[in-house]
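Please keep the viewer open as you go through the points.

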Amino acid sequence: MAAPERRRLGNSTLEVSAVGLGCMGLSGTYGPADDGESITLVHRAIDLGVNHLDSSDMYGWGHNEELIGKALKGRRDRVVLTTKFGQVQNPGGPNLVNGRPEYVVQACDASLKRLGVDVIDLYYQHRVDPTVPIEETVGGMKRCVEQGKARFLGLSEAAPDTVRRAHRIHPITALQSEYSLLYRAEAEETLPTLRELGVSFVAYSPLGRSLLTGQIQKPQDIPQGDRRLAHPRFQGDNLVKNIELVHRIEAMARDKGCTPGQLVLAWLLAQGPEVVAIPGTKRIDRLQENIGALQVRLDAADVARLSEAVPSGAAAGPRYPEAQMKGVYL
């Protein structure tokens with residue numbers, strides 16, 4: 001397998017594989033994960049040329065960063081390491097957000113310790129804190145850069161005006177938000193601002209939390225304990241309607257001689273050089289399939305045909321359960 005294409009992240013010296021690895025699923029979000037198998041997966045990704053690893057302090061509440069730290073022993077110089085702060089536990093309810101500048105520095109120190117590294121390549125605010133002006137939060141993040149703890153800064157699930165305000169305080173390298181053929185209205189609204197400011201778009205859930213792979217045909221295909229069961233897109237009539245959309249993709253993938261997942265990743269990367277994807281997986285075969293998307297060639301007509309097959313806004317059900325929707329695109 002050829003080394004994956006790399007793309008430069010905006011306002012930075014970071015060059016990342018166009019298809020990276022989102023690490024959330026390695027900490028039990030989508031059912032149990034085995035630490036030994038997860039470390040083997042990360043090693044395999046690095047050996048295949050995937051150098052973009054994405055973690056967060058809230059994935060397993062520290063477990064994920066500790067796991068990635070173990071996996072990177074002797075390999076740190078081969079990856080662009082990114083992690084996020086800001087979500088805090090709220091037993092019995094949706095996560096809370098802390099964007100206070102003094103907390104930013106504390107959270108960064110804790111992440112560095114868990115990861116076992118001296119510096120984080122790209123440090124994100126995981127969710128915007130509506131109670132703290134973004135200028136103050138980014139001021140705290142800027143201190144992490146000045147102290148040599150983080151090299152570059154990013155935001156997650158921030159609306160265009162928030163990105164613009166943040167960028168005035170310190171250059172923003174990347175915005176990380178959900179972006180796929182299935183859920184793209186907010187991303188398409190945001191991209192013009194990012195292009196103007198030279199900010200990259202890091203697309204999480206680029207496979208629609210697996211829906212776009214064609215592997216989910218009924219609720220029973222999702223294991224018990226998997227967080228996706230709480231997501232509206234996988235429930236009742238929503239799932240039926242979304243699977244109908246996926247069938248359109250499957251037919252086009254057959255014509256292209258690739259998998260549905262590879263086709264939608266290729267579509268995403270065709271949206272512009274500032275877009276990179278971080279699909280998550282626990283399985284080496286899926287990792288290799290995702291990297292294989294870089295070999296799928298789409299012309300402008302192919303991209304347009306896919307966009308028309310699954311129009312923007314066609315997905316049934318919002319991106320998150322109602323309570324969590326209040327915390328995105330702020």
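At what angle do helix α4 and helix α5 pack? The angle is about 45°, and their axes lie 9 Å apart. This is a predicted model, in which local features need pLDDT of at least 70 and side-chain atom pairs pLDDT 80 or more, while totals for chains, interfaces and linings use all residues. Residues are numbered from 1 along each chain as its sequence is written, and side-chain values use heavy atoms, without hydrogens and water.

**Helices α4 and α5**
- Helix α4 covers residues 134–146 and helix α5 residues 160–169; helices are DSSP runs of H or I with at least four residues, numbered from the N terminus.
- Their angle makes α4 oblique to α5 (oblique is what remains after under 35 degrees, roughly parallel, over 145, roughly antiparallel, and 65 to 115, roughly perpendicular).
- I134, E135, V138, G139 and K142 of α4 make the contact with T162, R165, A166 and I169 of α5 (contact means heavy atoms within 4.5 Å).
- Four nonpolar, two polar and three charged residues form this contact of α4 with α5 (Ala, Val, Leu, Ile, Met, Phe, Trp, Tyr, Cys and Pro count as nonpolar, Asp, Glu, Lys and Arg as charged, and the others, Gly among them, as polar).

**Helices α2 and α3**
- The axes of α2 (residues 63–71) and α3 (residues 101–115) come within 7 Å and cross at roughly 45° (axes are lines fitted to C-alpha atoms, for helices over the stretch in contact, with angles from 0 to 180 degrees between N-to-C directions).
- That makes α2 oblique to α3.
- From α2, E65, E66, I68 and G69 meet S111, R114 and L115 of α3.
- The residues of this contact divide into two nonpolar, two polar and three charged.

Methods
Helices (H or I, at least four residues) and strands (E, at least two) are DSSP runs, numbered from the N terminus.
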